[in-house]
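Work through the exercises below with the sequence and the structure at hand. Try each task before reading its solution.

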Amino acid sequence: MISNATTTAARRMHGMSVSPIRAMTGVIERAGGINLAQGLCRVAPPAELLDEALARIRTGPHTYGDAAGAHDLRVAIAEKLRDFNGLAIDPETELVVSIGATGALNAVLSALFDPGDGVLLFEPYYGYHHSAVRLHDLDPQPVPCGRTLALEPEAVREAIEPNTRAMILCTPANPSGIRFDREMLRAIEAIAVANDLLVITDEIYEHIYFDERSHISPASLPGLADRTLTISGLSKTFSVPGWRLGYVAGPADLIRPIHIAADALFVCPPVPLQHIAEAALRLPAAYYSTLRTMYRDRMDTMAAEFERAGLQVRKPAGGYYLLCDFTDTGFTTGTAAAQHLLENHRVATVPGEAFCAGPAPFPFTRACFSVPLDDIARLRQLLRGFAIGAASMTSVTPCSAPRSTSSPIGDSKDRENSRW
């Protein structure tokens, strides 16, 4: 007989599963539809970066590298953090290059927290933040939001428990697209200082924004400088999510154990790609303005197609996700709306419940506009008749939209168990 030791997963894995967002990618591809669910970043990387990649892959090096990252790349990242983020970072002692921003977050959680420590997550939160917190036996503590999805300082204070040790911010935020302005960050600063909390920031979308405000890194505020770990990477800015290059920067006494954890977790980041990343960070300023223009055009075009179908659309201040509001369509949950889009129109989106511990504040789905223009052009045809189809749902229970047995969108109990 096989013992339990060989058949039972660790307790921390109970209730966890591979993200259904990723599962939906396979479902929609087999159906020949449009995948607006996963943030795959399906636009072309800069041509000069690909040219550099071909040269570097041929010449190497291809051996192991420093667990903290290649020295020249760390210097380039520190210069970028100084010039763009307003942070003074020592590349030798205050910076670790990682396997993606998610790798950086996992190194931080491994190095600085003990099982049972509480971490605040602002709803709607990025699902991988929640799953990483759970994976490390930490206590995810959601801060609920209202219909505006904006930060409410009082809600943050009320969510703090005796075991709370940190909070995770995402700016620009995935999925809401909210950018934290100085007033919001000052409120965070006051709360973090008063409660002696660490602040972990995910700034992976920092270069993708659509108004005139400059990006503000939380660590640039005086009260947050010594208690903040800044995480970012190359995936979104340079359209290379598959290269898995990120980094974390912060005070030396916090980075030291993170360096050790990174060594244990992934040995070193991909060595040839680090040299290519250094070239990416040297691209001229015009690259970033062109990037924002490209994404603004895609955002506006996709939003117009959803609006043509009769939906309200919330455009982001930053990032590359639209929120489709189904409040006036007869659907009472984002799950039902996403199911309807998937099964009746072959359009994959992510329900709002995926980003909240409890019910979403209103029925919405997230749609990614980092997709080829051809996909956006197909939306008009696929969404044809949506308003009629949605209206017909008002005569039945909206959350009982047709569901195939292979669908990655389960019922509310499934969502609770999987935690998305």
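**Exercise 1: Helices α2 and α9**

The crossing of α2 and α9 is right-handed. Task: find which residues of α2 and α9 meet, and state how the two helices are oriented to each other.

Solution. The model is a predicted one.
Step 1. The angle between α2 and α9 is about 150°, and their axes lie 9 Å apart.
Step 2. Angles over 145 degrees count as roughly antiparallel. Therefore α2 and α9 are roughly antiparallel to each other.
Step 3. On the α2 side, the residues are Leu-49, Glu-52, Ala-53, Arg-56 and Ile-57. They meet Pro-272, His-275, Ile-276, Ala-279 and Ala-280 of α9.
Step 4. Sorted by type, the residues of this contact between α2 and α9 are 7 nonpolar, 1 polar and 2 charged.

**Exercise 2: Helices α3 and α9**

Task: determine how α3 is oriented to α9, and list the residues that make the contact.

Solution.
Step 1. Helix α9 covers residues 271-280, and α3 packs with it at an angle of about 30°, the axes being 9 Å apart.
Step 2. Angles under 35 degrees count as roughly parallel, so α3 is roughly parallel to α9.
Step 3. The crossing of α3 and α9 is left-handed.
Step 4. From α3, the contact uses Asp-72, Leu-73 and Ala-76. From α9, the contact uses Gln-274, Ala-277 and Glu-278.
Step 5. The residues in the contact of α3 with α9 comprise 3 nonpolar, 1 polar and 2 charged.

**Exercise 3: Helices α4 and α8**

Task: describe the crossing of α4 and α8, and count how many residues of their contact are nonpolar, polar and charged.

Solution.
Step 1. Helix α4 spans residues 100-112 and helix α8 spans residues 252-266. Their axes come within 8 Å and cross at roughly 115°.
Step 2. Angles of 65 to 115 degrees count as roughly perpendicular, which means that α4 is roughly perpendicular to α8.
Step 3. The crossing of α4 and α8 is right-handed.
Step 4. In α4, the residues in contact are Gly-103, Asn-106, Ala-107, Val-108, Ser-110, Ala-111 and Leu-112. In α8, their partners are Leu-254, Pro-257, Ile-258, Ala-261, Ala-262, Leu-265 and Phe-266.
Step 5. The residues of this contact between α4 and α8 include 11 nonpolar and 3 polar, with no charged ones.

**Exercise 4: Backbone exceptions**

Task: examine the peptide bond from Gly-60 to Pro-61, the peptide bond from Glu-123 to Pro-124, and the phi values of Asp-137 and Ser-239.

Solution.
Step 1. Begin with the general rule: most peptide bonds are trans, and most residues other than glycine have a negative phi.
Step 2. The bond from Gly-60 to Pro-61 is cis, and its omega is near 5°. Pro-61 sits in the loop between α2 (47-59) and α3 (71-85).
Step 3. The bond from Glu-123 to Pro-124 is cis too, and its omega is near -10°. Pro-124 sits in the loop between β3 (118-122) and α5 (127-135).
Step 4. Asp-137 is not a glycine, yet its phi is positive, near 60°. This residue, Asp-137, belongs to the loop between α5 and β4 (139-143).
Step 5. Ser-239, which is not a glycine either, has a positive phi of about 60°. Ser-239 belongs to the loop between β7 (228-233) and β8 (246-249).

**Exercise 5: Buried or exposed?**

Task: classify Asp-137, Ser-239 and Asp-114 as buried, partly exposed or exposed.

Solution.
Step 1. The cut-offs are under 20% relative accessible area for buried and over 50% for exposed, with partly exposed in between.
Step 2. Asp-137 has a relative accessible area of 30%, so Asp-137 is partly exposed.
Step 3. Ser-239 has a relative accessible area of 6%, so Ser-239 is buried.
Step 4. Asp-114 has a relative accessible area of 53%, so Asp-114 is exposed. Asp-114 is placed in the loop between α4 and β3.
Step 5. Arg-165 is 51 residues from Asp-114 along the chain, and their C-alpha atoms are separated by 9.9 Å.

**Exercise 6: The whole chain**

Task: state how many helices and strands the protein chain has, and what percentage of its residues is buried.

Solution.
Step 1. The protein chain has 14 helices and 13 strands.
Step 2. Of its 420 residues, 57% are buried.
Step 3. The chain exposes about 17700 Å², of which carbon and sulfur atoms supply 53%.
Step 4. Take the contacts between residues at least 6 apart in sequence: 77% of them join residues at least 24 apart.

Technical notes
Residues numbered from 1 in each chain as written. Predicted model: local features only at pLDDT ≥ 70, side-chain atom pairs only at ≥ 80, totals over all residues. Heavy atoms only, no water. Axes fitted to C-alpha atoms, helices over the stretch in contact; angles between N-to-C directions. Helix = DSSP H or I, 4+ residues; strand = E, 2+ residues; numbered from the N terminus. Left-handed = near helix turned anticlockwise from the far one by under 90°. Contact = heavy atoms within 4.5 Å. Nonpolar A, V, L, I, M, F, W, Y, C, P; charged D, E, K, R; others polar. Buried < 20%, exposed > 50% of the residue type's maximum accessible area, 1.4 Å probe, protein only. Areas by Shrake-Rupley, 256 points an atom, 1.4 Å probe, with all protein chains shown as cover.
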